[in-house]
Structure formats: structure tokens, C-alpha cells
Amino acid sequence: MSEPILELSGLTKVFPGGLKALDNVDLTIKRGEIFALLGPNGAGKTTLIGAVCGLVRPTAGTIRAFGHDLASDWRAARARIGLVPQELSTDMFEPVKQAVAYSRGLFGLPPDDARIEEILRSLSLWDKRDTRIMALSGGMKRRVLIAKALAHEPDLLFLDEPTAGVDVELRKGMWQQIDAMRARGVTVILTTHYIEEAEEMADRVGIIRGGKILMVDEKAAMMARLGRTEAYLTLAEPLTALPADLARFPVELHEDGITLCYRGGDGTGKGRAEVAELTKALLAAGIDYVGLDVRESSLEDIFVSLLGEEGEETPPEEVPAA
């Protein structure tokens with residue numbers, strides 16, 4: 001899974017008015033992986049996708065897909081790229097099967113009823129094949145977008161907020177479908193506001209803000225390197241101050257005098273070992289506790305800490321026609 005399928009180098013996009021949506025982005029996507037791109041609204045996620053899919057003309061930098069330079073050989077590469085956009089942009093009066101077959105024809109592929117049936121069945125849409133898109137539920141419409149993107153059999157698939165507005169049950173179903181795509185050899189790049197999607201499915205995670213890539217790493221490595229352990233101990237009797245013997249631990253006593261909070265570790269298990277040492281030190285100091293709650297930081301915790309203030313304002317993301 002080490003062969004690059006997409007390489008971005010120095011990718012920059014400045015829109016009229018001076019908004020720099022992408023700022024010297026370098027990114028390499030490996031063949032066969034699921035890559036999650038996380039970032040707040042206005043971070044540059046959709047602009048990046050638009051640049052690769054030919055919807056946005058970059059101001060500077062290069063994009064290579066499947067060994068082709070998109071600036072000079074865009075058509076050959078684009079035929080192997082699929083896009084599932086955030087918004088439904090299709091004829092709402094079209095029946096499902098007809099819409100998916102039409103998408104296949106747009107890329108010059110011959111009709112293939114068996115392949116269309118296979119795609120629709122994999123997305124639980126076969127029973128709706130003759131239903132007009134306008135009559136479908138929101139979740140089913142999302143599945144139609146995926147079916148249309150898969151119709152020309154892409155090797156690289158972009159999913160831009162694929163489960164936005166979809167209920168939890170449908171979201172889990174979509175995760176299974178995305179995993180099945182990977183099993184068929186499709187490389188998947190997804191943007192999402194639901195960080196649990198990245199935690200559930202992604203091999204690697206990239207975090208973007210203000211058009212800049214802040215970090216790209218294997219999901220497990222990122223959580224190990226940046227993760228923390230948090231523990232709350234409920235003391236049997238209130239304290240007015242922490243004993244000097246506990247100064248070696250990263251702990252603080254809450255104002256109530258009975259809640260001791262530990263924050264430390266490095267995501268490798270060190271934190272849990274240190275919490276065990278802390279409990280022994282408490283008992284050795286004659287301090288009893290009646291409750292202990294330990295948790296490891298999630299990918300969402302890491303994401304928030306990298307972005308700084310959660311309330312930071314960012315402009316809405318726009319992808320004008322190139």
C-alpha cells in the first residue's frame with residue numbers, strides 16, 4: 001500500500017479578492033488507502049478536492065494522479081477519479097438506474113447493465129432502480145451520488161462530507177460500503193465533520209486549517225504520539241491542599257476538595273501506568289479514594305487541540321467555477 005496514486009506539490013489557490021484557500025499544500029496519497037481529511041469550515045477541504053477534480057484551477061503548484069500531470073494530461077487522469085459531492089446535482093426527475101447509467105456514459109464507457117445492477121445492489125438501491133430521485137429519502141439520495149461516482153469504475157474516489165445530514169444507522173451502513181470499496185481496490189479520500197468516521201475507517205489522517213496542512217500521519221501513530229490519559233479520582237474525604245509527595249504527578253485538586261484530576265501520558269500506555277502509581281502514592285499518604293474514571297484522548301481531542309480554540313471563526317468554504 002505504498003505506491004502513490006496522487007501527489008500534490010506546492011498546491012496553492014487564491015480566489016479573486018485575495019482569499020487564499022490553499023497555501024502551498026504538499027500531500028501524497030497511497031494506493032488502496034482510506035485517507036481522511038479533517039478541518040473546520042473554510043479550511044480548504046472542498047477547494048482541494050475541486051482542484052484535483054478539475055472544478056478549481058490552481059494558482060500555483062502541481063497535481064499528479066496515476067503518474068499524469070493534471071495540468072497537461074488532465075483527461076487521462078480524470079477518467080479514473082470519482083467524486084461524491086456534498087450537494088445533489090442531478091436531474092431529480094430521473095429514475096435511479098437511468099441516472100447512474102448516464103454517469104457511466106459521460107466518461108465514454110459502453111453500457112453495462114450487469115455492472116450498474118452490481119453497484120445498485122451493493123448500495124441497497126436495486127429495489128429503487130425505477131424510482132425518481134426526487135422521491136427518495138435523504139440517505140438514499142446520498143447513495144445515488146455514490147452510485148453515480150462508481151459508475152465509471154474509478155480507482156480514486158473523493159467523498160466530500162458523505163454522511164452529512166444522515167442518521168447514525170445510515171452512517172454506519174455507509175462506512176461498511178466505503179470499506180467494501182477499499183476491498184475492491186478503490187483508494188478513498190473523504191472529508192468529514194464526523195471525526196468518529198475517521199477514527200472508525202481511515203488508515204491515515206490529515207488535518208487542514210486556513211489552507212495549510214497541519215499534520216498527516218497514520219491514525220494509530222497520531223493517536224499514540226499526541227494522545228493523553230485523563231483520570232478523575234473521587235476522594236473519600238476532602239483535602240484542602242495536595243500533599244508534597246504528589247507533586248511529581250501531573251495532577252490538580254478541584255475546588256470541591258474531593259476530585260483529583262490527572263492529565264498526562266503520551267498515548268503509549270504510560271499514562272495508565274502513572275495513574276496506577278498515583279493511586280499507590282495516595283494510599284501510602286493515607287488518602288483513600290472511592291471512585292476512579294480513566295479515559296484515553298480520542299482523535300477528536302487531538303483534532304481540537306491542534307486547531308486551538310474551538311470557537312475560532314473561519315470563513316465559509318466556497319468553490320467557485322474555475
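Start by selecting Lys 45, which has its place in helix 1 (residues 45-52). Helices (H or I, at least four residues) and strands (E, at least two) are DSSP runs, numbered from the N terminus. This is a predicted model, in which local features need pLDDT of at least 70 and side-chain atom pairs count only at pLDDT 80 or more, while totals for chains, interfaces and linings use all residues. Residues are numbered from 1 along each chain as its sequence is written, and side-chain values use heavy atoms, with hydrogens and water left out.

Lys 45 counts as buried because its relative accessibility is 2%. Buried means under 20% relative accessible area, exposed over 50%, and partly exposed in between (1.4 Å probe, protein chains only). Now show Gly 39: the side chain of Lys 45 reaches the backbone oxygen of Gly 39 at 2.8 Å. A polar contact is a pair of N or O atoms within 3.5 Å; within protein, one must be able to donate a hydrogen and the other to accept it, and residues adjacent in sequence count only if both atoms are side-chain atoms.

**Strand 8**

Select residues 187-191 next. Five of the five residues of this strand are buried, so strand 8 is largely enclosed by the rest of the structure. In a regular strand the side chains alternate between the two faces of the sheet. Here Thr 187, Ile 189 and Thr 191 are buried on one side, and Val 188 and Leu 190 are buried on the other.

Two strands pair if DSSP finds at least two bridges between them. Strand 3 (residues 34-38) runs parallel to strand 8 and is joined to it by four bridges; look for Leu 37 opposite Thr 191. Strand 7 is also parallel to strand 8, with five bridges, and there Leu 157 stands opposite Val 188.

**His 152**

Move to His 152, in the loop between helix 5 (138-150) and strand 7 (156-160). Is His 152 buried or exposed? With a relative accessibility of 6%, His 152 counts as buried. The His 152 side chain reaches the backbone oxygen of Ala 149 at 3.5 Å. Leaving aside neighbours within four places in sequence, His 152 is in contact (heavy atoms within 4.5 Å) with Arg 78, Ala 79, Ile 81, Gly 82, Phe 107 and Leu 109.

**Salt bridges**

A salt bridge is a side-chain nitrogen of Lys or Arg within 4 Å of a carboxyl oxygen of Asp or Glu. How many salt bridges does a search of the whole structure find? The search finds 14.

Select Arg 204 and Glu 33, whose side chains meet in a salt bridge at 2.7 Å, N to O. This pair links distant parts of the chain, 171 residues apart: Arg 204 is in strand 9 (residues 204-209), and Glu 33 is in the loop between strand 2 (20-30) and strand 3. Arg 204 is buried, with a relative accessible area of 9%, and Glu 33 is buried at 0%.

Go on to Glu 153 and Arg 104, which form a salt bridge with the closest N and O atoms 2.9 Å apart. Glu 153 is in the loop between helix 5 and strand 7, and Arg 104 is in helix 3 (residues 96-106), 49 residues apart. Glu 153 counts as partly exposed at 39% relative accessibility, whereas Arg 104 counts as buried at 6%.

End with Glu 117 and Arg 121, whose side chains meet in a salt bridge (2.8 Å, N to O). Both lie in helix 4 (residues 113-122), four residues apart, about one turn of the helix.
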